[in-house]
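Please consult the sequence and structure shown below while reading.

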Amino acid sequence: MLRALIWDVDGTIAETERDGHCVAFNLAFEEAGLAWRWSPDHYGPLLHVAGGRERILHDMAQRADAPATAAEREALARALHLRKNAIYAERVAAGALSPRPGVLRLMDEAAAAGVQLGIATTTSGSNVQALFSSLFGADWRRRFAAVVCAEEAPQLKPHPQVYLRALQGLGVVAGEAFALEDTPNGLLAAQAAGIACGITRSAFFVHDRYPGAAWVRPDLDTPTPMTLDAIRAGLSVKIRAS
Ligand code: XBP
C-alpha cells in the first residue's frame, strides 16, 4: 500500500540547480573577488558531488589559484557556501523559481488521497525554508509530514541516511513509500534505503542512465500526467520483483 511520497528538492521540485544555486555560486565568487565562474557545462558534472561546500572544495582541487593549505581551502569554501546560500535565498524570495510541471498537481492528489508527503534532501535546511516559503507560502511546513535536510542527514546522497530518516519521520516502511528524484545519486540513496523511485529528469541530467528506476520521464506532466495510480503500479511491480 502506498502511504507516502518522498520528494527530493533540488531539480525535482524546481530547477534550483540551473536557476538558483549555480547562479548564486557565481555571484558569491564574484563578490569574493575570485575569477572562478561555473558555466552550465562545468556545473553539470560538478553536481555528481553532493553538497554545495563539498562541490566548492572539489572544484578548488583542480584550480592553481586556490589557497595552498587544506585549512585555508576549507575556510574559504565555508565562507563562499554561506554567502551562496544567502544569495540563493534572496533570488528565491524575489520569485526566481517556480515548481516544475506536475509537482503541485501530484502533491495535491496525494494529500487528497491521504498519502503523506515527505522531503528527503541533502541541501541545507535554510535553502528549503527559502524555496518552500516562495513556492508553497508561509505555512508550507503543514503540507509535509516529515522534512529531512542536510543538517539531519549529514551523510550526503548516495548514502541512504536521508531516506531512512524520512521513513522514520513518516512512520512508514520502505515498501509503503515511493521516492521522486532527478539524479543518479538520489536514485542510489532511495534504492539503498529499499524505496522504489521514479525519475523526473532535470536540466543537468538529460542523458543520464538510471538503472532500476521505476520510471524515467522528462517531468511529471510529460508525456502524460503521472498519477498516484501509476505510482502504485510501479510500487507493486517492485514488491513482486523483490
Ligand atoms: C542537492 C545538493 C545540494 C545543492 C546545493 O542534493 O547536492 O548540494 O546542490 O545545496 P539533493 P547546498 O538534491 O540530492 O538532495 O549548498 O545547501 O549543499
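## Ligand site and cis peptide bonds

The ligand is surrounded by 17 residues, a residue being counted when one of its heavy atoms lies within 4 Å; the closest are Glu17, Gly52, His81, Lys84 and Ser124. The model is predicted: local features need pLDDT of at least 70, side-chain atom pairs count only at pLDDT 80 or more, and totals for chains, interfaces and linings use all residues. Residues are numbered from 1 along each chain as its sequence is written, and side-chain values use heavy atoms, with hydrogens and water left out.

By class, the shell comprises one nonpolar, 10 polar and six charged residues; Asp, Glu, Lys and Arg count as charged, Ala, Val, Leu, Ile, Met, Phe, Trp, Tyr, Cys and Pro as nonpolar, and the others, Gly among them, as polar. At least two shell residues come from each of helices H1 (16-31), H3 (52-60) and H4 (70-93), and H4 gives the most, with three. Helices (H or I, at least four residues) and strands (E, at least two) are DSSP runs, numbered from the N terminus. Because domain 1 (4-15 + 98-234) and domain 2 (17-93) both give residues to this shell, the ligand lies between them; the domain bounds come from an automatic or database assignment.

| Residue | Distance |
|---|---|
| Arg55 | 2.7 Å |
| Lys84 | 2.6 Å |
| Thr123 | 2.7 Å |

Taken alone, the ligand exposes 440 Å², and the protein buries 95% of that (Shrake-Rupley method, 1.4 Å probe).

Two cis peptide bonds complete the description. The bond from Lys157 to Pro158 is cis, with omega near 20°, and Pro158 lies in the loop between strand E3 (146-148) and helix H7 (161-170). Thr222 and Pro223 are also joined by a cis peptide bond, with omega about 5°; Pro223 is placed in the loop between strand E6 (215-217) and helix H9 (228-241).

Conventions. A polar contact is a pair of N or O atoms within 3.5 Å; within protein, one must be able to donate a hydrogen and the other to accept it, and residues adjacent in sequence count only if both atoms are side-chain atoms.
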